[in-house]
Amino acid sequence: MGKVLGKKRLYEFLEKVSKGADLIAPVKTDTLRFGIIKDFNDICLEGRPLFPLKKFFSPAKQDLFRLNLGEKDEPFKEEKIMIKPRVIFGGRLCDFNGLLKLDKLFLSEEFQDDYYKEAREKTLLIGINCDPPPSKYCFCESMDLEKYYDLFFHDMGDKYYIESGSAKGQALIMDLEDYDFLMPNIHCEKKLVRKELAQHYEDPAWEQENEKCLSCGKCTSHCTTCLCFDMLDEMQANLKNGKRSKEWDSCQFENFTLVAGGLVFRKERLPRFKHRIYHKLQYFREKFGMDMCTGCGRCIEACPRLIDFTEVINKFK
Amino acid sequence: MKKTKKASKAKKPRVGIQSITGCAGCQLSLYFIEDVLLELFDKIELVAAPMIKGKNEEENYDILFVEGSVSSKEDLENLLKWRKQAKFLIALGACASHGCMQSMKHMMHEEEVEAAVYNKFPSDKRLKPITAVPLHKHVQVDFYIPGCPPDKEEIERVLKWLLQGIKPRVYDKAVCHECSLKENYCLLDQGIECLGPLMNGGCKALCPDYNHPCTGCRGMLDDANLKSGKEILRDKGFDPDLMIKRMTKYNTLQFMEFESKPKEEKK
Ligand code: SF4
Ligand code: SF4
Ligand code: SF4
Ligand code: SF4
Ligand code: SF4
């Protein structure tokens, strides 16, 4: 059983829960993007932003540390992490499941990314249910998503039905009126027929789609869960002080696998093309017991050729 | 170019900037690094830079930037001469790297183009151009800084790397990448014929950032999928002739090379 909130009281509620924090929600200007809300009226829950939430947890470009080569005591100085608490409102189930997957990588036992960790700890997740799915490319129903959020809203016309998924979330809706309702599951038109990918590496269906691929990397930059990055060192003109920064990268680029000595071990387009999908649906699963894909459909919608890997897989002999 | 203090004190690297046929805008981009120009020039010996120096040396360059494409006999003679004198030769800008506009002639009738430009002059006053090609068609090029004009920050970065003794790195990701990182509303989705997915980035997606379609001033990707690129534009209903013009604006030679490849890479 959950709670209920009249739509007229939404802004008042958001104001309360985001006190002292940045409120992040989808905003429509020329297109829809997640952004920091200055005016509640800017929030737009029609559709889902093509650009994912990951930038709030690991920015597209980020300085990591300063280099001061002259100084013996402190030649490296880490950039201070300064993250304001924030509340994300209007994320979808796929968006938050994306974080669940990224947690496996960036908050694992052997390795923790300080920035990601702090950003996660300081963010409250308030989602909205997809009824109907906001894009014809959505296929999350095939992807076993978990109920992963602090709060989850369901639009009931003049009011929202709200469920909590954490103690933090529960505390925020204590005062609201109880409501008896069963949150409907998401139903997507697009389906992925699950198959054992390892047995289909040589299937001709790969080749057909690969011919269309431009290796432009839009599928990975728009992906809810891709966070591969590249590193760059740059000095100032004095050649003593400088910085190391990182920037998102993509396995779709020709030289992504360039290693010392000049070898590029995934040079051809086809193995690169397959790698993305194998990483999402096989390699990640082998390691963490779940897919790295949330079925958000962003990679399809962002692709200049609308390349759709679910169709490739569904076509396998 | 040694990193040790002694060496750098003893001898600063001899750097030159020379130009053949182009608009000289590339060279100008270098001088636009105003904030740090003097500090950087302090670390080098600028032995040739005809745009800003009266006395210019013609030999023994540690690093030589060459802008422009090889478009006349004199261009070729100069380039061959400089190459022999340069330890590390950098092609600066679109003309030097890919041939740029003047190489459009490769897909036209030479006499026709010449007539259009030179017919108004008496025959003894006409230039005798050769069909323009980028530097690497005649000499070995050690590094490319493409772009029309090249990005001044990239010029600075490459120079600093070289001064540190670090092998410079090319930016070889599609324009779409930086464009997506900036969360630009894709021009293709707005019905504008952007060539970003075929083109080499590193420009921070400057044109699409201002809603202007990319025409590839930094050259085509090494593995540009031209066939698929044409299919996007066809599917979206863009004029095929206009598209060929756009694709060949800076990159006629690359375009022709891709077109003559029998089929897209296999395996
Ligand atoms: S977005 Fe499409 S064309 Fe671009 S790399 Fe991905 S699959 Fe290939
Ligand atoms: S692979 Fe595609 S569908 Fe899956 S999470 Fe990434 S963008 Fe979404
Ligand atoms: S699909 Fe490619 S870019 Fe995305 S996480 Fe995997 S290796 Fe990285
Ligand atoms: S993939 Fe599912 S959760 Fe994500 S937006 Fe589409 S319907 Fe909603
Ligand atoms: S606007 Fe152009 S460069 Fe940007 S993502 Fe779209 S096609 Fe690529």
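These legends walk you through close-up views of a predicted model. Residues are numbered from 1 along each chain as its sequence is written, with chains lettered from A and ligands numbered from 1 in the order in which they are written. Local features need pLDDT of at least 70, side-chain atom pairs count only at pLDDT 80 or more, totals for chains, interfaces and linings use all residues, and side-chain values use heavy atoms, with hydrogens and water left out.

View 1. Around ligand 1 (a heavy atom within 4 Å) you will find, among others, C213(A), L214(A), C216(A), K218(A), C219(A), R276(A) and C303(A). This shell divides into 7 nonpolar, 2 polar and 2 charged residues. Here Cys and Pro count as nonpolar, Lys and Arg as charged, and Gly as polar.

**View 2. Ligand 4 and its surroundings.** Look for R92(A), C94(A), C130(A), C138(A), C140(A) and C296(A), which are among the residues surrounding ligand 4. By class, its shell has 9 nonpolar, 1 polar and 1 charged residues.

**View 3. Where chain A meets chain B.** Each chain brings residues to the contact (heavy atoms within 4.5 Å): 42 from chain A and 42 from chain B. Together the chains bury about 3600 Å², 49% of it on carbon and sulfur atoms; this is the accessible area (1.4 Å probe) lost on being put together, summed over both. In chain A, L214(A), A237(A) and R269(A) lose the most area to chain B.

**View 4. A salt bridge between the chains.** The side chains of D230(A) and K173(B) meet at 2.9 Å, N to O. Chain A and chain B have 9 salt bridges between them (a side-chain nitrogen of Lys or Arg within 4 Å of a carboxyl oxygen of Asp or Glu).

Notes:
Buried area is the accessible area (1.4 Å probe) that two parts lose on being put together, summed over both.
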